[in-house]
Amino acid sequence: MRRLFSAALVVLVLASLLAPGRVLAFGKNKIAYQNFDWRIYKSPHFDVYYYPEEEALLQEVVSDAESQYLRLSQLLDHEIKFRIPLIYYKTHVEFEQTNTLLEFIPEFVGAFALPIENRMVLPMDAPPDKKYSLIGHELTHIFEYSILYQESLSRAFRSNVPDWIMEGLASHLGRDEDNFDKMIIRDAVVNGLIPPISRLQTLNFLTYRYGQAAFDFIEEHYGSEGIRNLLWEFRKSLLANNIAKPIKDAFGLEANEFDRQFKKFLQKKYLPALLDKKEAEDYGKEVAAKNRRPDYEHEYITFSPALSPSGELIAAMTTRYEDIDVVIISAKDGKVFRNLTKGFTNQFEYPVYGAFQGKKDLTWSPEGDRVAFFARREDERALLIYDAVRGGLEKMISIPSVDDELSPAWSPDGKTIAFEGNAGGQVDLFAYDLDSGEVRNLTQDEYYDGNPAWSPDGTQILYNRRINSSEKIFMVDAHDPSRKVQLTFGDSSDIQPSFSRDGKKVWYSSDANGGIFNLYSIDLQAGEIRRQTDILGGVFTPLELPDENGKGPWSTPITAADASACSAPPRENPSRSSGRRSRRASPPRSSRSRRRCSSASTTTRRRRTTN
């Protein structure tokens with residue numbers, strides 16, 4: 001019965017670990033803040049629904065959709081006999097107001113496809129390469145509905161297709177896996193967390209990753225024909241809900257043997273790195289330990305750390321107290337000093353985080369007495385400023401001219417907070433003047449910009465610019481958007497840059513070495529780039545600590561590392577569904593394309609460096 005309304009929803013990073021009680025926010029009212037003047041554009045295979053404010057995106061959306069259709073129809077050797085409704089929105093906030101799905105849609109739902117009417121509904125506020133993958137992911141679901149259900153609502157009602165097939169194939173053919181995703185499954189494999197794929201039923205983040213890996217395995221061993229054979233054989237036994245028979249008929253393997261070969265495939269792919277790489281503990285100590293209780297219900301993580309100017313405190317986000325909270329902890333031992341967002345409030349809904357997209361979420365005032373971050377409130381993200389010493393919300397700032405605000409960065413003089421945001425469909429860096437309330441665009445270009453970080457003297461701002469599918473580091477004059485300098489080059493993603501305290505170096509995280517994020521530095525005078533760590537998990541959010549005696553030379557940054565909290569083995573109990581409501585009748589099924597699960601323990605690394 002669950003397949004009738006089983007949508008393909010794109011879930012954010014922590015659908016199974018972060019805010020388990022909020023996964024679909026059941027019981028909340030769905031509010032429409034805007035009226036949309038819908039138009040229809042008919043392309044060869046799609047009826048594209050849009051409104052005038054987003055018409056500039058129309059040709060790009062149509063081109064991407066038709067291109068993906070051609071590619072997928074050739075790979076699957078299948079033509080869809082019906083026209084596909086494609087409904088797109090300019091921003092995620094507008095997407096959340098859709099009436100094509102009656103459920104309340106929280107921020108972590110990135111897009112969805114519905115077998116009823118075979119609709120695709122998507123926001124278009126991601127970078128171009130991500131939008132292309134997002135369309136491919138959701139369109140794969142439409143092909144799955146066409147092949148398996150054969151335009152029969154009865155078959156959709158009565159079937160129970162394993163999530164690893166539906167979501168794994170969509171991720172595999174959508175080509176949406178990146179090095180964040182690979183970090184998670186690599187960590188899971190290294191820790192021996194490989195479930196029998198043929199019996200995997202639970203839907204959580206690792207279902208997507210294991211599912212994609214299973215289709216990677218199928219394509220490597222049997223080619224695209226193997227994928228087609230599995231779908232056609234599964235269609236024959238769709239209503240029997242028996243995966244063992246189609247595996248046997250498609251590949252000539254018993255289900256247990258398929259599982260064994262799949263496990264061997266993953267071990268061969270990821271275990272060699274275990275011998276070559278180090279662990280986070282080889283570089284420092286863990287100061288914000290994750291809960292290691294065997295009871296999954298009580299596991300929590302601490303992530304997105306931001307170091308105070310004195311180096312004594314860390315602001316971080318945590319799931320320790322059921323919902324996502326912002327806490328102040330000791331940089332020495334991880335002891336919680338204060339939970340800034342404890343308890344219930346009607347002032348905002350939840351803190352906004354982008355850590356698992358490589359973003360920074362928290363920022364300290366230069367005096368070290370306040371912490372700022374963005375939080376969801378009604379149809380916007382508000383900038384919240386908390387007293388880090390005594391607790392309490394000091395200011396809640398609305399920025400109506402910008403959407404999707406993220407990655408706040410407090411200026412050294414304390415007068416301005418820089419951030420990334422979407423204005424009119426373009427993602428740039430902006431600066432908010434805390435005294436006047438003025439908002440100005442810091443980058444003013446057509447690129448997708450993010451992750452601002454101020455120089456110690458406040459004259460320059462480091463940031464990320466997305467070029468093709470890579471993040472590169474740029475520097476812009478804080479008062480002149482035309483004066484930009486590119487600092488990193490190549491195909492790697494170089495994220496979360498920050499200045500050294502003397503302004504002579506830049507610290508950042510990069511996947512330049514084998515696709516694994518590690519700590520790097522650039523000497524701004526000599527142009528020399530050095531890799532500082534070589535760990536198996538990942539290193540993120542580098543910030544430089546002052547030396548223990550408060551004088552130079554400086555010691556190296558604190559980092560967030562490790563993906564292990566996401567590697568809890570997906571369980572085979574479909575009733576729990578990773579914190580989601582049991583999918584028995586109508587809730588949509590989830591599909592991930594752009595955000596992911598990860599965890600971050602906070603590691604303090606103190607190794608003296610010379611300048």
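Is Val62 buried or exposed? Val62 is buried, with a relative accessible area of 8%; buried denotes under 20% relative accessible area, exposed over 50%, and partly exposed the range in between, for a 1.4 Å probe and protein chains only. The model is predicted, so local features need pLDDT of at least 70 and side-chain atom pairs count only at pLDDT 80 or more, whereas totals for chains, interfaces and linings use all residues. Residues are numbered from 1 along each chain as its sequence is written, and side-chain values use heavy atoms, with hydrogens and water left out.

**Stop 1: Val62**

Select helix α1, residues 58–76, in which Val62 is found. Helices (H or I, at least four residues) and strands (E, at least two) are DSSP runs numbered from the N terminus. Beyond its neighbours within four places in sequence, Val62 is in contact with Tyr41, Ser43 and Val48, contact being heavy atoms within 4.5 Å. Next, display the C-alpha atoms of Val62 and Leu86: they are 9.3 Å apart in space, at a separation of 24 residues in sequence.

**Stop 2**

Two strands pair if DSSP finds at least two bridges between them.

**Stop 3: an open sheet**

Select the 4 strands in the order β21-β22-β23-β24, an open sheet with antiparallel pairing. β21 and β24 (480–486) stand at the edges with a single partner strand each, so one side of each is left without a neighbour in the sheet. Within the sheet, 8 bridges join β22 (residues 460–467) to β23 (residues 470–477), and Ile467 stands opposite Ser470.

**Stop 4: the second largest pocket**

Finally, select Leu307, Trp364, Trp410, Trp454 and Leu543, which lie nearest the centre of the second largest pocket, among its 30 lining residues. On a 1 Å grid over the protein atoms alone, a pocket is an open set of points where a 1.4 Å probe fits, with protein on both sides within 12 Å along at least five of seven lines; lining residues have an atom within 4 Å of a point. The largest share of the lining, 4 residues, comes from β8.
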